[in-house]
Amino acid sequence: MDALAGLLDGPRARGAFLLRMVMEPPWSVRIEDRAPICLMSMTAGEAWIVPDHGEAVHIAPGDIVVVRGPDPYTVTHAPELAPFALIGPGETCTTLRGEPLSDSMDLGVRTWGNAPDGSATMLVGTYLMEGEISGRLLDALPPVVRLTAREWNCSLMPLLDDEISRDEPGQSVVLDRLLDLLLIAVLRSWFSRPGADAPAWYRAMGDPVVGPGLRLLQNSPAHPWTVASLAAKCGVSRAGFARRFTELVGEPPMAYLTGWRLALAADRLRETDATIEAIAREVGYGGAFALSAAFKRVRGISPQEHRALGTTG
């Protein structure tokens, strides 16, 4: 399993918010939706992404950005402009005084803006649900990731541009899957740049010893792995594998496995109605008691409390 695909495989987009934003300057929109991650790509004109804490990022046609939430930010024609609209939780759209704007700026199927023929056009895809498995990945990202048109060339963008305003049966599922593929493509390009500050686990995937070990852990978390069995699979000594794994990944093999199993369990708790006993065995624990003990020790709450928070949040 590919490193990025493995981390993003569990929390797939489900009913993601996708639209084409069409604007005529001057325009400025404040984003306070608390979404965990948003992708934006310019197809015409230009824009700025202005985080509350950090430098403004300029995007031009062909550029794509990934904005990591939940901190608020502004998308604008020019950094100095005051916002005229506010996007809140659930992708509600109002003026700064709370007056609804959704109807007045509705330009058709998944199309929104202040002018039907505006000179600035942006494709927007927002993940609405925080995914536990992707936390290890997203924590490694800066607030705004930008790839310019010169740095990447993805065949998915024309497809998304074509599909985003279609109104056909099952279209939301098609767009969810396109968004997943696009996110993986963007982050793969980002981490593969020369001199990129990729997370340790990502760099370790390319190591001839540690890489296979990581893939074994990710692909088969329920297997009763030991350092010795992993080392044997990778063709090195137990001590040598443990030392190299810890040096490259930043934590021992069994600590990594525990974190991975609990991340999988956390995602399953919120995304399914499976019993804690079933989830425990699925991710490599002997039963509900063992999973509950590990979950509370590492995360500070029980699996039941975690599931309840997901339901109410």
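Student: Why is Glu 168 called partly exposed?

Tutor: This is a predicted model, so the value is computed from its atoms. Glu 168 has a relative accessible area of 41%. Buried means under 20% and exposed means over 50%, so a value in between is partly exposed.

Student: What makes Arg 166 and Glu 168 a salt bridge?

Tutor: Their closest N and O atoms are 3.2 Å apart. The cut-off is within 4 Å, so the pair counts. Arg 166 is partly exposed, with a relative accessible area of 31%. The two also belong to a network of salt bridges that includes Asp 162 and Glu 163.

Student: Why can such side chains pair at all?

Tutor: Because side chains of opposite charge can pair when their charged atoms come close.

Student: How many salt bridges does the rule give?

Tutor: The count comes to 11. One of them joins Asp 161 and Arg 20, with the closest N and O atoms 2.5 Å apart. Asp 161 sits in helix α3 and Arg 20 in strand β1, so the bridge ties together parts 141 residues apart in sequence.

Student: Are Asp 161 and Arg 20 buried, partly exposed or exposed?

Tutor: Asp 161 has 28% relative accessibility, so Asp 161 counts as partly exposed. Arg 20 has 14%, so Arg 20 counts as buried.

Student: Why is Arg 97 called exposed?

Tutor: Arg 97 has 69% relative accessibility, so Arg 97 counts as exposed. The cut-off is over 50%. Arg 97 meets Glu 99 in a salt bridge, at 3.2 Å from N to O. Glu 99, at 38%, is partly exposed.

Student: How do you know that Cys 38 is in no disulfide?

Tutor: The structure holds zero disulfides. For Cys 38, the nearest cysteine sulfur is that of Cys 93, 14 Å away. Cys 154 is in no disulfide either: the nearest cysteine sulfur, that of Cys 38, is 16 Å away. Cys 38 is buried at 5%, and Cys 154 counts as buried at 14%.

Student: What makes Phe 241 and Phe 245 a tilted pair?

Tutor: Their centres are 5.7 Å apart, with 45° between the planes. Phe 241 is buried, with a relative accessible area of 0%. Phe 245 is also buried at 0%.

Student: Why is the pair of Phe 245 and Tyr 256 called edge-to-face?

Tutor: The angle between the planes is 75°, with 5.9 Å centre to centre. Over 60 degrees counts as edge-to-face, so the name follows. This pair links helix α8 to helix α9, with the residues 11 apart. Tyr 256 counts as buried at 0%. Phe 241, Phe 245 and Tyr 256 form one aromatic cluster.

Student: How do you know that Arg 193 lies over the face of Trp 190?

Tutor: Arg 193 is at 3.6 Å from the ring centre. Arg 261 lies over the face of Tyr 285, at 5.9 Å.

Student: Which residues of helix α10 are buried?

Tutor: Ile 276, Ile 279, Ala 280 and Val 283 are. They cover an arc of only 105° around the axis, so they are on the same side of α10. Gly 284 follows the helix, with a positive phi near 115°.

Terms used: Residues are numbered from 1 along each chain as its sequence is written. This is a predicted model: local features need pLDDT of at least 70, side-chain atom pairs count only at pLDDT 80 or more; totals for chains, interfaces and linings use all residues. Side-chain values use heavy atoms; hydrogens and water are left out. Buried means under 20% relative accessible area, exposed over 50%, partly exposed in between (1.4 Å probe, protein chains only). Helices (H or I, at least four residues) and strands (E, at least two) are DSSP runs, numbered from the N terminus. The arc is that of the directions from the helix axis to the C-beta atoms. A salt bridge is a side-chain nitrogen of Lys or Arg within 4 Å of a carboxyl oxygen of Asp or Glu. A disulfide is a pair of cysteine sulfur atoms within 2.5 Å. Rings of Phe, Tyr and Trp (its six-membered ring) pair if their centres lie within 6.5 Å; planes under 30 degrees apart count as stacked, over 60 as edge-to-face and the rest as tilted. A charge sits over a ring if NZ of Lys or CZ of Arg is within 6 Å of the ring centre and within 35 degrees of the ring normal.
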